[in-house]
Amino acid sequence: MAACPTFTADGNWVVITQDCTMGGEVTVSSGQTLKVKSSDGAKWRIHAATDKRHFTVESGGALIMQGVELTGGKSTEGGAIYNAGTATLSGCDFTRLYHGK
């Protein structure tokens, strides 16, 4: 499976064009906005890195996601997303998430 593009929290869209695997957990810090969407109306899968959640949104950070599926995340809190900031999700699915150490 292809590696995901770099998730840069600069307010521009990160467009997913195929199923992909993350290299590690992504943190959205205070004052940052990360926007992620699938291309062309498809719903592409974003697989978590081994034994990691997908995203952590810190207080004051923002995550906006459209039309993606987050799968395979694992954490003791929030298998896909741990949100202490703002998360706006539209048309997203969550599958095969795990809670535990």
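**Entry 1: chain pattern**

I read along the sequence and found that the protein chain follows the pattern β-β-β-β-β-β-β-β-β-β-β-β-β-β. My tally of secondary structure came to zero helices and 14 strands. For these I used DSSP runs, numbered from the N terminus: helices are H or I with at least four residues, strands are E with at least two. The radius of gyration, taken over C-alpha atoms, is 12 Å for the protein chain, close to the 13 Å that the globule rule gives for 101 residues, so the chain is as compact as a globular protein of that length. That rule is 2.2 Å times the number of residues to the power 0.38. I also noted that the C-alpha trace spans about 30 × 30 × 20 Å along its principal axes.

A reminder to myself: this is a predicted model, where local features need pLDDT of at least 70 and side-chain atom pairs count only at pLDDT 80 or more, while totals for chains, interfaces and linings use all residues. Residues are numbered from 1 along each chain as its sequence is written, and side-chain values use heavy atoms, with hydrogens and water left out.

**Entry 2: burial**

I looked up burial next: of the 101 residues of the protein chain, 38% count as buried. Buried means under 20% relative accessible area, exposed over 50%, and partly exposed in between (1.4 Å probe, protein chains only).

**Entry 3: a sheet**

I picked an open sheet of three strands, with the order β4-β7-β11 and parallel pairing. Two strands pair if DSSP finds at least two bridges between them. β4 (26–28) and β11 (81–83) stand at the edges with a single partner strand each, so one side of each has no neighbour in the sheet. Three bridges join β4 to β7 (residues 55–57), and V26 stands opposite F55 in β7.

**Entry 4: two positive phi values**

Which residues did I check for phi? D40 has a positive phi near 50° and is not a glycine; R96, also not a glycine, has a positive phi of about 50°. I kept in mind that most residues other than glycine have a negative phi. D40 lies in the loop between β5 (33–38) and β6 (44–47), and counts as exposed at 81% relative accessibility. R96 is in the loop between β13 and β14 (98–99), and counts as exposed at 53%.

**Entry 5: F94**

Is F94 buried or partly exposed? I found F94 in strand β13 (residues 93–95), and at 38% relative accessibility F94 counts as partly exposed.
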